[in-house]
Amino acid sequence: MRAVQGSAAAILCAAGVSSRMGGVKKEYLPLGASSLTVLGCAFAAFAVCARIERVVIAVPPGSEEEARASLPEELAGTQGRLLFTPGGPTRRASVHNALSLLEPYKPSHVLIHDGARPWVTPCLIEKIIDAAVQFGAAIPALTLQETPKELEPGDGDYCGPVFIKRHLKRARLCAAQTPQGFRFPEILSAHEKAAKREAQEHVEYTDDAEVWGEFIGQVAVIPGDPANRKITYPGDMAHP
């Protein structure tokens, strides 16, 4: 990993408990016939990108050695450019911990990626860096193939039918992916503000683009990659 123009840091989020995988830590599982683990495959895509100067992996507290062992041996020793941080109680808190760890290194931009998206490509990483440099914040997204509907909110123990509240226009909606790229000082500031709001109100942020949009401004969207799937259930382990 060597510093080049338009370089950035990266954060890989791998601090969850994988409850929908039956409690098995999905990021440390071998990926099909590959010799790489799920996390190792995601990490490799960033490690071979010359514009990524530093990678921080958020992991469950106390599991740094297990996480390190799941990475490709030839890439894990990156002369201080690979860092680990304990995750927090939520994904947002885990990202905040990683951003705080990066602050002394003063990266200009940062990419934030799900450690359970092993099929991310260096090409997509490069495109997100370029878009983040140009626009300040950028994410990859896919157009929807099905027609979405907004449902009426549930009502406690009511077990009757669920009704449609609104018929949404598919052309104006998309499905967000990662990595999501941001100017570093602003996304760190946004997370600090989000943490204060969470402490005062019952709110939860589902991704970093939402945090940026809440406290900073607009987020650009570039075409995502259908193969860049997130592993959530055991059946998702098959290559797309």
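**Figure 1. Secondary structure of the predicted model.** Helices here are DSSP runs of H or I with at least four residues, and strands are runs of E with at least two, numbered from the N terminus. By that count, the protein holds 7 helices and 10 strands.

**Figure 2. Overall dimensions of the protein.** The chain has 240 residues, and its radius of gyration is 18 Å. A compact globule with that number of residues would come near 18 Å, so the value agrees. Along the principal axes, the C-alpha atoms fill a box of roughly 60 × 40 × 35 Å.

Figure 3. Of the 240 residues, 46% are buried. Take the contacts with a separation of 6 or more: 74% of them join residues 24 or more positions apart. The accessible surface is about 12,600 Å². Carbon and sulfur atoms contribute 53% of that surface.

**Figure 4. Charged side chains.** The protein carries 25 positive and 27 negative side chains. The centres of these two sets lie 5 Å apart.

Figure 5. Gly 16 sits in the loop between strand S1 (8–13) and helix H1 (38–47). Its relative accessible area is 38%. Buried means under 20% and exposed over 50%, with partly exposed in between. Gly 16 is therefore partly exposed. Leaving out residues up to four places away in sequence, Gly 16 touches Lys 25 and Pro 60.

**Figure 6. Gly 16 and Gly 80.** These two glycines are 64 residues apart in sequence. In space, Gly 16 and Gly 80 are 24 Å apart, C-alpha to C-alpha.

Definitions and conventions. Residues are numbered from 1 along each chain as its sequence is written. This is a predicted model: local features need pLDDT of at least 70, side-chain atom pairs count only at pLDDT 80 or more; totals for chains, interfaces and linings use all residues. Side-chain values use heavy atoms; hydrogens and water are left out. The radius of gyration is taken over C-alpha atoms; the globule rule is 2.2 Å times the number of residues to the power 0.38. Buried means under 20% relative accessible area, exposed over 50%, partly exposed in between (1.4 Å probe, protein chains only). Contact means heavy atoms within 4.5 Å. Accessible areas come from the Shrake-Rupley method with a 1.4 Å probe; for residues, only the protein chains shown count as cover. Lys and Arg count as positive and Asp and Glu as negative; His and the chain ends are not counted. The place of a charge is taken as NZ of Lys, CZ of Arg, CG of Asp or CD of Glu.
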